[in-house]
Amino acid sequence: MIVSVIGAGTMGNGIAHVFAQHGFTVNLIDVSAAQLEKAIATIGKNLDRQVSKAAITEEIKNNTLANITTHTGFEGIGNSGLVVEAATENTELKLNIFKQIDAVAPAGCILATNTSSISITKIASVTGRPESVIGMHFMNPVPVMKLVEIINGYATDKKVTETIVALSKQLNKVPCVVNDYPGFIANRILMPMINEAIYSLYEGVAGLEEIDTVMKLGMAHPMGPLQLADFIGLDVCHAILKVLHDGFGNPKYAPCPLLTNMVTAKKLGVKSGEGFYVHTPGSKELTVSPAFIK
């Protein structure tokens, strides 16, 4: 099967990586040639890391890179059996992309989205094949994380779901099938926890490091919720909470004012170099942002 991945950012290059590593021919598509070049370099570095850990051989690395072709247009989609959209978490952008995909994808092609919160049913509604549209939500970093959250839209065909479950297993992932309600499962549970951690900081219940330490040592989380928010991207967290708030109409999902202010100030976490923590490229050391040092 030929797989087209739309979007060469963090998620898109990871998705392209895992499909290509497992023998699929991959078209990696992005409007930016520079972003595509950066994505291939990132995939190469991640493959080198796998080789250094003896997780894969040099031959697998070379074959993986050979399986990926980059495009700045949708010309590669015409021969695809699966398209995975991994663009920015923006509803209008995704709807526009799916209209374009629908116009060029062959009959029988499955149209998947890596959205973490936007309604699959809404995305499917702008296509002429809603039965072929499904959510395929990978976790970051894609080459490492085992979960794929598979989301059925209102009209998703059962055979499409079965195909995506089988493909996920081929990628050595663990598929979990859920239904199309705001936040699905992963973010419906995760984002209120992150938001509550931000509220606890905002209200002075505890300091930043104390909140993260309680959750790491007391709840066996691999990283605290504030560190995780930085890793996800505070803008992404904010967008998902807005989807939950709009979808359920419940004020408990409203983004904390502190989160809103940080996003407005472009303190977005790892991607901007600072969020709750300061993130220095190449360093694993966590330093609390000066804004939260008393």
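These are my notebook entries on what I looked up in this structure.

**Basis.** I am working with a predicted model, in which local features need pLDDT of at least 70 and side-chain atom pairs count only at pLDDT 80 or more, while totals for chains, interfaces and linings use all residues. Residues are numbered from 1 along each chain as its sequence is written, and side-chain values use heavy atoms, with hydrogens and water left out.

**Whole chain.** I counted eleven helices and ten strands in the protein chain, taking both as DSSP runs numbered from the N terminus (helices H or I, at least four residues; strands E, at least two). The radius of gyration is 19 Å, close to the 19 Å that the globule rule gives for 294 residues, so the protein chain is as compact as a globular protein of that length; the radius is taken over C-alpha atoms, and the rule is 2.2 Å times the number of residues to the power 0.38. I then looked up burial and found that 47% of the 294 residues count as buried (under 20% relative accessible area, with exposed over 50% and partly exposed in between, for a 1.4 Å probe and protein chains only).

**Helix α7.** I followed α7 through residues 186-202, 17 residues that reach 24 Å from first C-alpha to last, close to the 24 Å expected (1.5 Å times one less than the number of residues). Its buried residues include Met 191, Ile 194, Ala 197, Ile 198 and Leu 201, and the buried residues of α7 pack against β6, α8, α9, α10 and α11. After α7 comes Gly 204, with a positive phi near 75°.

**α8 against α9.** I read a packing angle of about 100° for α8 and α9, with their axes 7 Å apart (axes are lines fitted to C-alpha atoms, for helices over the stretch in contact, and angles run from 0 to 180 degrees between N-to-C directions). That makes α8 roughly perpendicular to α9, a term that covers 65 to 115 degrees. The contact (heavy atoms within 4.5 Å) is made by Leu 208, Ile 211, Asp 212, Met 215 and Lys 216 of α8 and by Pro 225, Leu 226 and Gln 227 of α9.

**Backbone details.** I found a cis peptide bond between Asn 140 and Pro 141, with omega about 0°, and placed Pro 141 in the loop between β6 and β7. Phe 184, in the loop between β8 and α7, has a positive phi near 55° although this residue is other than glycine, and Phe 184 is buried at 3% relative accessible area. Lys 266, not a glycine, also has a positive phi, about 65°, but Lys 266 counts as exposed at 63% relative accessibility.

Technical notes
Parallel < 35°, antiparallel > 145°, perpendicular 65-115°, else oblique.
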